[in-house]
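Trainee: Could you walk me through this one?
Mentor: Gladly, let us look at it together.

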Amino acid sequence: WINNTTGISDINVPDPSALTKSPATYTVVGYDNYNCFTDTAGVVVNISKLPVVNAGKDTQLISGASVTLSPTVTGATSWNWSPADYLNCTSCLTPVSKPRISITYTLTAYNAEGCKAKDEVSLHLACKESMVYIPNAFSPNHDNVNDRFNIAGSGIKKIISIIVYNRWGKAVFEKQNININDVKNSWDGTSSGEPLPVGVYVYMIQTECEGGEVFKYSGSVLLLR
């Protein structure tokens, strides 16, 4: 390599690396084994500005909710989101995510010359004890109004267990590993297929968040007819 050799890692090899902060032209001379012939060529190295990428603000949301990612990108012609989990599109600038777990996305943007820049944004799933609704009364009289003891809420992965006891401490209803808001698997006020009498029943419930947190609840529910 001859003439301008600034930033050349080794002028005596055919494929050195070049480090330059401004556009530069480099010239290389090739020789045959006997130094009888030479050939000269040049290569231009241009400097391209990196894209500017801001993937957006970290966001907290409830499990099952959707959020549109809203980055700010300048100087880019294409981009890609990763991982693809829960995204409706990885090559869109503003995809929609509906995460089931807390997740961090990386946005990589490319300019016309292929230079790239990246930034990250995190989505944190909110899960609080207060986000579970447990009714204090229900009336299984088949009028399609409040007929079942149904556990509702948001941000919950599953109900690990639910046990209902009568006044003498006998379990009259029990379920494991069911979904929140699962009316089909909720208590209908019976035990072994027989309607139970009006009265106060005690419950013990465990729920698990998408992030693994476990909440325990206990209390009483009034069965009316």
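Predicted model: local features only at pLDDT ≥ 70, side-chain atom pairs only at ≥ 80, totals over all residues.

Trainee: How many bridges join strand E14 to E18, and which way do they run?
Mentor: Strand E14, residues 156-165, is joined to E18 by eight bridges, and the two run antiparallel. Strands here (E, at least two residues) are DSSP runs, numbered from the N terminus, and two strands pair if DSSP finds at least two bridges between them.

Trainee: What order do the strands of that open sheet come in?
Mentor: The order is E12-E19-E18-E14-E15, five strands with mixed pairing. Strand E12 (137-138) and strand E15 (171-178) stand at the edges with a single partner strand each, so one side of each is left without a neighbour in the sheet.

Trainee: And what holds paired strands to each other in general?
Mentor: Strands of a sheet pair through backbone hydrogen bonds, either parallel or antiparallel.

Trainee: Switching topic, how many disulfides are there?
Mentor: A search of the whole structure finds two, where a disulfide is a pair of cysteine sulfur atoms within 2.5 Å. Counting bonded cysteines along the chain, the pattern is 1-2, 3-4.

Trainee: Which parts does the link of Cys-127 and Cys-209 tie together?
Mentor: The sulfur atoms of Cys-127 and Cys-209 are 1.7 Å apart, and the link is left-handed, with -70 degrees about the S-S bond. Cys-127 lies in the loop between strand E10 (116-126) and strand E11 (132-133), whereas Cys-209 is in strand E18 (residues 199-209), so the pair ties together parts that are 82 residues apart in sequence.

Trainee: Are those two buried or exposed?
Mentor: Both Cys-127 and Cys-209 are buried, where buried means under 20% relative accessible area, exposed over 50% and partly exposed in between (1.4 Å probe, protein chains only).

Trainee: What about Cys-89 and Cys-92?
Mentor: Cys-89 and Cys-92 form a disulfide with their sulfur atoms 2.1 Å apart, and this link is right-handed, with 90 degrees about the S-S bond. Cys-89 is buried at 17% relative accessible area, while Cys-92 counts as partly exposed at 31%.

Trainee: Is Cys-36 buried or exposed?
Mentor: Cys-36 counts as exposed, at 53% relative accessibility, whereas Cys-115 is partly exposed, with a relative accessible area of 26%.

Notes: Residues numbered from 1 in each chain as written. Heavy atoms only, no water. Helix = DSSP H or I, 4+ residues; strand = E, 2+ residues; numbered from the N terminus.
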